[in-house]
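Please consult the sequence and the three-dimensional structure shown below. The briefing that follows is arranged by topic.

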Amino acid sequence: MITLNNVEVIYDSVILVLKGVSLTVKEASVTTLLGANGAGKTTTLKAVSGLLRAERGEVTKGSVEFDGERLDRLAPHEVVKRGVVQVFEGRRVFEHLTTEENLGAGGHIQREGARVKEGIERVYQYFPMLKERRAVQSGYLSGGEQQMLVIGRALMSNPKVILLDEPSLGLAPLLVEEIFGIVRRLSHEQKLTVLLVEQNANLALEVAEHGYVMENGRIVLDGPAAALRNNADIKEFYLGL
C-alpha cells in the first residue's frame with residue numbers, strides 16, 4: 001500500500017539523512033520501523049506525509065508511492081485527502097480545546113457534519129475513556145488520555161494509513177499495552193494500515209507483522225516480526241537480551 005523506492009532525503013540542501021531507503025507497508029497490517037535515536041525513522045514518516053518541506057527537507061531521489069500514486073510531490077493536506085495521516089511524537093493536542101473539539105478539528109476534511117459525528121462516536125467506541133472526558137480541556141488530560149486523543153483525532157479523517165511516531169513515549173506500561181491493543185484492533189477491524197516508529201522494540205515486534213531496522217539513514221535488516229524477535233543482533237541491541 002505504501003512503498004518507498006530508494007528514497008534519499010536532504011535537509012537544508014546539504015545534510016543527507018536518508019540514504020536509499022526502500023520499504024513496503026502492506027495493506028491492513030502493522031509494520032514497524034526500529035532504530036536508535038537519529039537513525040532517520042521520523043524523517044521516513046515525514047517523507048510519506050509530505051511534512052519535510054516545513055522543516056527545509058526534501059526527497060531528492062527515489063519515490064514515495066501510495067496505491068501506485070506518487071506522494072512525495074503532494075502538499076501535506078493533499079496527502080491527508082488521499083488517506084494518509086501522521087500522529088506526531090509528543091502528544092500534540094490543542095490544549096485550550098476540549099477533547100471533543102480536538103476530535104472535531106481532526107475531521108475538518110469531512111464535508112458533512114453527520115460524518116464528523118459518526119467519526120467521533122467511532123473514536124469513542126475504541127477509546128471510551130475519551131467519551132468520559134469529552135468536555136474537558138485537553139491540556140488537563142493525562143498523558144495516556146492525550147495519546148489516545150491524538151490517535152483518535154487522526155482517525156477522524158477516516159484514513160487508510162496511519163503513521164504512528166513513538167506512541168509509548170513517557171507512558172506507563174499498562175497504558176502502553178492498552179493503546180497498542182487498540183492499534184491492533186483498528187488494523188484488524190477497520191482494515192487500517194499502520195507504519196509504527198517505536199523505541200520499545202519488544203512491544204513493537206509483538207504488535208507488528210513485519211519490521212525494518214534502520215541505522216544511519218539506511219535499512220540494514222528486515223523480515224517478519226517473529227523472525228526479528230529471534231535474531232541475535234536484535235536481541236542484543238534492541239531487546240536487551
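Two strands are said to pair if DSSP finds at least two bridges between them. Helices (H or I, at least four residues) and strands (E, at least two) are DSSP runs, numbered from the N terminus. The model is predicted, so to speak of local features a pLDDT of at least 70 is needed, side-chain atom pairs count only at pLDDT 80 or more, and totals for chains, interfaces and linings use all residues. Residues are numbered from 1 along each chain as its sequence is written, and side-chain values use heavy atoms, with hydrogens and water left out.

**Overall form**

- The chain contains 10 helices and 10 strands.
- Its radius of gyration, taken over C-alpha atoms, is 17 Å, close to the 18 Å that the globule rule (2.2 Å times the number of residues to the power 0.38) gives for 241 residues, so the chain is as compact as a globular protein of that length.
- Along the principal axes, the C-alpha atoms fill a box of roughly 45 × 40 × 30 Å.
- Among contacts (heavy atoms within 4.5 Å) with a separation of 6 or more, 67% join residues 24 or more positions apart.

**Surface, burial and charge**

- Of the 241 residues, 49% count as buried; buried means under 20% relative accessible area, exposed over 50%, and partly exposed in between (1.4 Å probe, protein chains only).
- The chain exposes about 11,500 Å², and carbon and sulfur atoms supply 48% of that area. Accessible areas come from the Shrake-Rupley method with a 1.4 Å probe, and for residues only the protein chains shown count as cover.
- The 28 positive and 31 negative charges have mean positions 4 Å apart. Lys and Arg count as positive and Asp and Glu as negative, whereas His and the chain ends are not counted; the place of a charge is NZ of Lys, CZ of Arg, CG of Asp or CD of Glu.

**The open sheet**

- Strands of a sheet pair through backbone hydrogen bonds, either parallel or antiparallel.
- Here 4 strands form an open sheet in the order S2-S1-S4-S5, with antiparallel pairing.
- The edge strands are S2 and S5 (69-70), each of which pairs on one side only.
- Strand S1 (residues 2-11) is mostly covered, with 7 of its 10 residues buried.
- S1 pairs over 8 bridges with S2 (residues 15-25), and also over 8 bridges with S4 (residues 57-66).
- Glu 8 has Lys 19 as its bridge partner in S2 and stands opposite Lys 61 in S4.
- S4 and S5 pair over 2 bridges, and Glu 65 stands opposite Arg 70 in S5.

**Turns and positive phi values**

- The hairpin of S1 and S2 has 3 residues between the strands, and Asp 12 in this hairpin takes a positive phi near 50°.
- The hairpin of S4 and S5 has 2 residues between its strands, and Asp 67 in the turn has a positive phi of about 50°.
- Asn 6, placed in strand S1, has a positive phi near 50° although it is a residue other than glycine.
- Arg 91, also not a glycine, has a positive phi of about 55° and is found in the loop between strand S6 (84-87) and helix H3 (99-106).

- In helix H1 (residues 41-49), 8 of the 9 residues are buried, so the helix is largely enclosed by the rest of the structure.
- The buried residues of H1 include Lys 41 and Lys 46, together with Leu 45, Ala 47 and Val 48.
- Gly 50 follows H1 and has a positive phi, near 85°.
- Ala 226 lies in helix H9 (residues 225-229) and counts as partly exposed because its relative accessibility is 40%.
- The C-alpha atoms of Ala 226 and His 210 are separated by 8.1 Å, the two residues being 16 residues apart along the chain.
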